[in-house]
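Dear colleague,

Please find below the structure that I am handing over to you. I would be grateful if you could look through it before reading my notes.

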Amino acid sequence: MQTRIDVIPLEELDEFSGLVHKAPSVPSPIQQLSMQMQEHWTWKSRDATTPPNLLVENPHSECRGLKSVEFNPTELCNRTCHFCPRVDPEVYPNRKLHMQPETVQRVVDNLKEHQYCGKIVFSGMGEPTLNRKICELIKICTDAGIYTELVTNGDKIYQDKWYNIKDFIDAGVNHMHIDVYDDKDQLLNYIEMAKPYTKYTNFNITPRFLMATGMFNNRAGDVKHSDIDSFGMAEPCHAPSVKAFIDWDGTVQLCCHDWQRAGGNFGNVNEEKFTDIWNGESMLKIRGRLMYNKRTDCGAPCNGCNTGGNMGDRKKAIQAWSLKIDKNQYSTN
């Protein structure tokens, strides 16, 4: 197959995948092409509910800075992808640990108390559908009127073993992100499965099998694949300023990229209000350091992280935290 900068046709996608997806070393231009290919062949439907205006810019709000709250519903995954820490059980083992409805309900009640206008995402470090209560967890959020997304590999839907898409429609999910890891036939089948439900739910069905290994992030340095950059970015990071990450047991962690939880445990939503943790002194300190300094100067795990760091949210994040974080206190520039 001849690689072209123009769009590679559908019938050649599997051949392209075979050349780049698991290859130990792929030239940078081909890596970039793999991202373009993935974006081009991603199937999107936006016929349903419009996403909310994200990121709470009001510096007086207890939800200041928030644009999304991510739940980690389970520590199980049915796949061991080569670009993921789970490929090595010594690094990240599968564990039968699941989030409970009471945890989600406490967070949702607290967010509604403060008129939260962002979204809730079920994603995390495992495969969300392996928590057999996932539809119940989603419904708690959607019943409260909060825009709710599910990120899944879709295997338990595709295999028609545990769920079908209608189960999630009935739970009220506003957006389904289905990451396809196998081939074009799986991609096309998912699209046909989703089409009858586009007026109820928005969809992103993404052909991850087209992505070259080197284009995945390193999970704060936790991925050891030789083709993934192991060095951190010399840029500030705003992820902990705009995105909350709540683990399966209710603990609030630094961010969704810190798979080893090296950034610390900031509190548990089953014991105190989420907004108190979100605005707590411990989070403010690390948030301030990351917001105004290079993350490579901020110590582990951030100094080994190569994610984008939500740099596009920089201006709004600084505004949202202006009353809580003094630049002069944290900046070393």
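Predicted model: local features only at pLDDT ≥ 70, side-chain atom pairs only at ≥ 80, totals over all residues.

The protein chain contains 12 helices and 9 strands. Its radius of gyration is 20 Å, close to the 20 Å that the globule rule gives for 333 residues, and the chain is therefore as compact as a globular protein of that length. The C-alpha trace spans about 55 × 45 × 35 Å along its principal axes. Of the contacts between residues at least 6 apart in sequence, 77% join residues at least 24 apart.

Turning to the interior, 56% of the 333 residues are buried. In soluble globular proteins, nonpolar side chains tend to be buried together. In this model, the largest nonpolar core has 76 residues, and those with the most contacts inside it are Leu111, Phe122, Phe168 and Phe274. Beyond its neighbours within four places in sequence, Phe274 is in contact with Leu66, Val69, Asn110, Leu111, Ala244, Ile246, Val252 and Val269. Another core, of 13 residues, lies apart from the largest one; Phe83, Tyr92, Met125 and Met211 are among its members.

With kind regards

Notes: Residues numbered from 1 in each chain as written. Heavy atoms only, no water. Helix = DSSP H or I, 4+ residues; strand = E, 2+ residues; numbered from the N terminus. Rg over C-alpha atoms; globule rule 2.2 N^0.38 Å. Buried < 20%, exposed > 50% of the residue type's maximum accessible area, 1.4 Å probe, protein only. Contact = heavy atoms within 4.5 Å. Core = buried A, V, L, I, M, F, W, Y, C linked by side-chain atoms within 4.5 Å.
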